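My notes follow in the order I looked things up.

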Amino acid sequence: MSWIDIGHIDDIPLRGARVVKTPVGCIALFRTGANKVFAASDTCPHKGGPLSEGIVHGQSVTCPLHNWVFDLHSGQAQGADEGQIATYPVQLDGERILLDSTSLGQRSAA
Amino acid sequence: MKQKLVVIGAGMASGRVLEHLTDAAPDAFDITLFNAEPRGNYNRIMLSPVLAGDQTYEDIVTHDDAWYAERGITCRFGEKAVKIDRELKVVEGENGHVPYDKLIFGTGSNPFMIPMPGHDLDGVIAYRDLEDTEQMMGMGAGNKVVVIGGGLLGLEAAAGMAARGADVTVVHIMGHLMERQLDPAAGYLLKKSLEEKGITVLLNAKSTEIAGKDGKARALLLEDGTELPCDLLVMAVGIRPNTALAQETGLAVGRGIHVDDQMITSDADIYAVGECVEHQGEVFGLVAPLYDQAKVLAQTLLGEDAAFKQRSLSTKLKVTGCDLFSAGDFAEGETREDIVFRDPARGVYKRLVLEGDKLVGAVMYGDTGDSNWFFGLIRDGEDVSEMRETLIFGPAYQGGGSADPLSAVAALPPEAEICGCNGVCKSDITTAIEGGATDLGAIRATTKASASCGTCTGLVEQLLQVTLGDDFQMPTAQPVCGCCELTHEDVRRLIKSQELKSQEAVWQELGWKTLNGCHVCRPAVNYYLLADWPVEYQDDPQSRFVNERKHANIQKDGTFSVVPRMWGGITNPAELRAIADAAEKYDVPTVKVTGGQRIDLLGVKGADLPYIWSDLNKAGLVSGHAYSKGLRTVKTCVGTDHCRFGTQDSTGLGVKLEKILWGSWTPHKLKLAVSGCPRNCAEATCKDIGLVCVDSGFQISIGGAAGMDVKETELLVQVPTEDEAIEVVMAVTQAYREGGKYLDRLYKWMAKVGLDWIKETVVDDLENRRALVERFELSQSIYRKDPWAEQAKEAPRFAPMADLTLEAAE
Ligand code: SRM
Ligand SMILES: Cc1cc2nc3c(=O)[nH]c(=O)nc-3n(C[C@H](O)[C@H](O)[C@H](O)COP(=O)(O)OP(=O)(O)OC[C@H]3O[C@@H](n4cnc5c(N)ncnc54)[C@H](O)[C@@H]3O)c2cc1C
Ligand code: SF4
Ligand code: FES
């Protein structure tokens, strides 16, 4: 793995998200109420809604377009909806957020 | 010959080393002990009970003169070790040299003092030793004390002085107390308990300066301009390992003195123990690991095999009446699950964090009786899958239980107001029930509760249930969502009667089953809080649907639409030019005239929003709130200005109303229109509030709609003057804001409370009308402003956080 520094945790609002552009498309970085950071695809499998614009609650995000709810760790859609978003390795080093560039690169090559 | 052992610092860690060492091998070493404090070892932890008056210094001495004498330890108390010569193996004290074969650093920590202006004034102290404690003990009634730091130490200092009668304020920079040990929910309960002890707690408060007079601290100044007068200022913002001497000695030092698993520093004859060390990147601030270190060090000195291992820690606070406990890692995260239990009646909050089959963290407030059991499960990594269902109820509980949905109502004090319309409190109703009023109708007849607007019906029913038990059959009401058991109406009423002013307060006091709600309840609760406590509660953008967070309507392709306000539908060439320029500059694909008498720029990219707003702002254009559950448009017709039939200045009144109402948040969107005559060209009679001008004045009608339901408005009142029309509109808007269920348009609220009730309270009761207007104005003093102008300052937040496609291309 090769970790790259993306920014400070405070660059993402508490219970909010920010987007990172990558070779595999837009990835959303979510920060939960308990200060945990998750990385997942920004694109909702339903109709492409931008998940980074959704409401972050517990360890989930709700898509802003039609309210599908995704677990941020597994990427699984919750409840009656079926679908999954890709999730990516992310790490906190103190207050810095690190993303694994190889996992982003590998996915693009595949 | 006996080996010469010199110990620097008679603290809790080195004290433990000496105990182990002299117990195991009384004659192995010839020991000299330096201590900067003019005394031997005492239980530093217990300074807090001494401060609070529960114990005396004598009670907390661990090693007295006799103890040292028995073990033949040469004490050099009140004397600092100032230099070490590693070649000659000599420690230089303030009063002379001592040679050593083995040397131990047990120098502890130094309190960190924020280097703000005034930090060196008299009357600014830390909380570390007996001297500090004695100064604080001098603070009785009539003294004002400010404590900076809402962590363990700061709060124990604050509670101790409050117990002595001082007027204490705690200033904390974070959003909740003890944020390193507690989650926001437990932090909320802790704050509440401290406030009950008369301590003032200021959160998110940044200290900037200590003002002094004649060399003595006089007041603490905060960034927002607040001035907090004080006779004593205690800084309890953290500690730093005391490493200065070790560093001068040439030992390897990072944050603390580097040691290996045997507590040996970079010099094989020198050891370190306690808060002054750094082990595998960690430094320490609680005694449990220090005692482990002490044991290892004693064994190392005796030539035995031993290794120090870090393990999970738990925290408690030594403040009477604040029972809290936290242990392990309680951040949410990877494969983790929370189990949350809240009992508002007892002020209890418990949260367990599970990872796979194991308990990895726990936070508890109010009932910490089982904390040791939970801590054991965490420490030993036990498999808890078998008892998962009942885990949170503790070791004694086997057999499934659940939170009582009625406990929020049961917890209300007798004087809590249930029915706001008729001023009926809980005890009035329970007395009536005991007197034989056993159904809703009887309660209404005897107490008038729930007999007016009816929004408290749910609460009255719950009271019937609580008081009568199974004798009362509860009608099924829809809770807000799966996170709680209460209806919207109940939540609203309880927020008011219990004076809940933060999300954390709502989650705890109303027994929420999730950590911070979900996309259904959180926006509703955010709205209720800001509508009821405009001054105290701060709107939370993260609890809003994207449109209201981004101040633009999201489109199906993720772009946004931008609609500037055109007051009453009036515009001018300069505004139109600015809109045209912006449309060109930002490649807006569609420019459309809306059904609300203004212009929509559709398809704006998210990252461009702050820039297009700033351009529009320059031309005087502000947000049209086309995205909000708030005031949308006030449509007008041309009225007396131009129209041959116009009876009043409908355009002017529309513009005035829009300028008064804009920026206000409402349960759902709020649309108005003003027509100049009953021909009604502004379609006023299908708006939430519609005004039709007539010769003799203004007809105000409400409850119209033309969306999913089409409704004609119903006449509320006709008034003779424009001023009175404006007053009635403000009052009815505020009544809807205060009473409406989130996402109910005005007509739905009206259907619930009845037009007659609105007429009585908003129109006929002049005193109430004025009070509503006043509350509306108070709220508008905060919300009547352009969110675009504010958001434009945050432009970087709208851009991607990083762009890795560029790096990949390199
Ligand atoms: C732009 C506009 C259509 C137009 O091109 O004219 C419009 C566009 C939308 N309307 Fe509307 N409504 C627009 C005037 C209306 C009107 C006419 C009016 O206000 O005179 C109505 C009927 C009157 C009424 O509200 O009773 C109207 C009734 C609705 C409804 C149904 C509301 C209801 O309670 O039944 C919705 C859905 C909702 O709010 O839940 C809706 C929702 C929407 C949303 C916000 C859908 C959404 O959630 O994304 C559309 C946003 C499009 C966008 O991206 O900008 N829009 N909408 C109009 C903007 C007016 C303005 O300047 O602010
Ligand atoms: C008010 C208070 C309450 C606390 N409550 C808790 C609690 O509830 N639970 C918990 O686990 N922990 C608590 N702690 C923390 C705990 O007291 C410390 O972790 C512990 O005392 C550290 O022990 P130590 O031996 O490393 O350092 P100390 O106990 O600080 O001892 C170091 C000694 O070295 C002396 N010294 C330093 N340099 C020199 C020198 N050059 N020459 C001679 N002497 C020197 C110092 O004067 C000091 O006496 C509390 C601390 C305070 C202040
Ligand atoms: S009528 Fe429907 S499609 Fe048209 S703007 Fe309104 S919500 Fe959108
Ligand atoms: S696009 Fe996400 S729920 Fe429809």
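This is a predicted model: local features need pLDDT of at least 70, side-chain atom pairs count only at pLDDT 80 or more; totals for chains, interfaces and linings use all residues.

**Entry 1: the overall layout of chain B**

I then asked for the extent of the chain. The C-alpha atoms of chain B fill a box of roughly 120 × 75 × 60 Å along the principal axes.

For secondary structure I got 27 helices and 39 strands in chain B. Of the 810 residues in chain B, 54% come out as buried.

**Entry 2: ligand 1**

Next I went to ligand 1. Which domains of chain B give residues to its shell? Domain 5 (547-623) and domain 6 (631-785) both do, so ligand 1 lies between them.

I found 22 residues around ligand 1, and the closest are Gln555(B), Thr594(B), Gly595(B), Lys669(B) and Lys671(B). By class, I have 5 nonpolar, 9 polar and 8 charged residues in that shell.

One oxygen atom is 2.5 Å from a polar backbone atom of Gly595(B). At Asp600(B), an N or O atom of the side chain is 3.3 Å from an oxygen atom of the ligand. At Lys687(B), the corresponding side-chain distance is 3.4 Å. The elements of chain B that give two or more residues to the shell are β31 (599-604), β32 (631-636) and β36 (705-706).

**Entry 3: ligand 2**

I moved on to ligand 2 and counted its neighbours. Ligand 2 is surrounded by 29 residues, with Ala13(B), Arg128(B), Glu275(B), Val287(B) and Lys318(B) the closest.

I looked up backbone contacts here. A backbone N or O atom of Met12(B) is 3.0 Å from an oxygen atom of ligand 2, and one of Gly106(B) is 3.4 Å from an oxygen atom of the ligand. A nitrogen atom of ligand 2 also takes part: its distance to a polar backbone atom of Ala36(B) is 2.9 Å.

**Entry 4: cavities**

How many cavities of 30 Å³ or more does the structure hold? I got 3, and the largest cavity has about 60 Å³ of space.

I wrote down the lining of the largest cavity: Pro523(B), Asn526(B), Tyr527(B), Leu530(B), Ser543(B), Arg544(B), Glu548(B), Lys629(B), Trp665(B), Thr666(B) and Tyr742(B). Those residues divide into 5 nonpolar, 3 polar and 3 charged. Helix α17 (residues 521-532) of chain B gives the most to the lining, with 4 residues. Domain 4 (407-538) and domain 6 (631-785) of chain B both give residues to the lining, so the largest cavity lies between them.

**Entry 5: two residues with positive phi**

I picked out two non-glycine residues with positive phi. Asn35(A) has phi near 65° and sits in the loop between β3 (25-31) and β4 (37-41) of chain A. Met263(B) has phi near 70° and sits in the loop between β18 (257-258) and β19 (270-272) of chain B.

Are these residues buried or exposed? Asn35(A) is partly exposed, at a relative accessible area of 36%. Met263(B) has a relative accessible area of 0%, so I have it down as buried.

Last, I checked Glu79(B), in the loop between β3 (74-77) and β4 (81-85) of chain B. Its relative accessible area is 4%; buried means under 20%, so Glu79(B) counts as buried. The side chain of Glu79(B) reaches the backbone nitrogen of Glu94(B) at 3.1 Å.

Arg493(B) is in helix α15 (residues 488-497) of chain B. This residue is also buried, at 12% relative accessibility. I noted one C-alpha to C-alpha distance for it: Arg493(B) and Gly420(B) are 8.3 Å apart in space and 73 residues apart in sequence.

Note on methods. Residues are numbered from 1 along each chain as its sequence is written. Chains are lettered from A and ligands numbered from 1 in the order in which they are written. Side-chain values use heavy atoms; hydrogens and water are left out. A residue is near a molecule or strand if one of its heavy atoms lies within 4 Å of it. A polar contact is a pair of N or O atoms within 3.5 Å; within protein, one must be able to donate a hydrogen and the other to accept it, and residues adjacent in sequence count only if both atoms are side-chain atoms. Ala, Val, Leu, Ile, Met, Phe, Trp, Tyr, Cys and Pro count as nonpolar, Asp, Glu, Lys and Arg as charged, and the others, Gly among them, as polar. Domain bounds come from an automatic or database domain assignment. On a 1 Å grid over the protein atoms alone, a cavity is a set of points where a 1.4 Å probe fits but cannot get out, and a pocket is an open set with protein on both sides within 12 Å along at least five of seven lines; lining residues have an atom within 4 Å of a point. Grid points are joined across faces, edges and corners, and a volume is the space filled by probe spheres set on the points. Buried means under 20% relative accessible area, exposed over 50%, partly exposed in between (1.4 Å probe, protein chains only).
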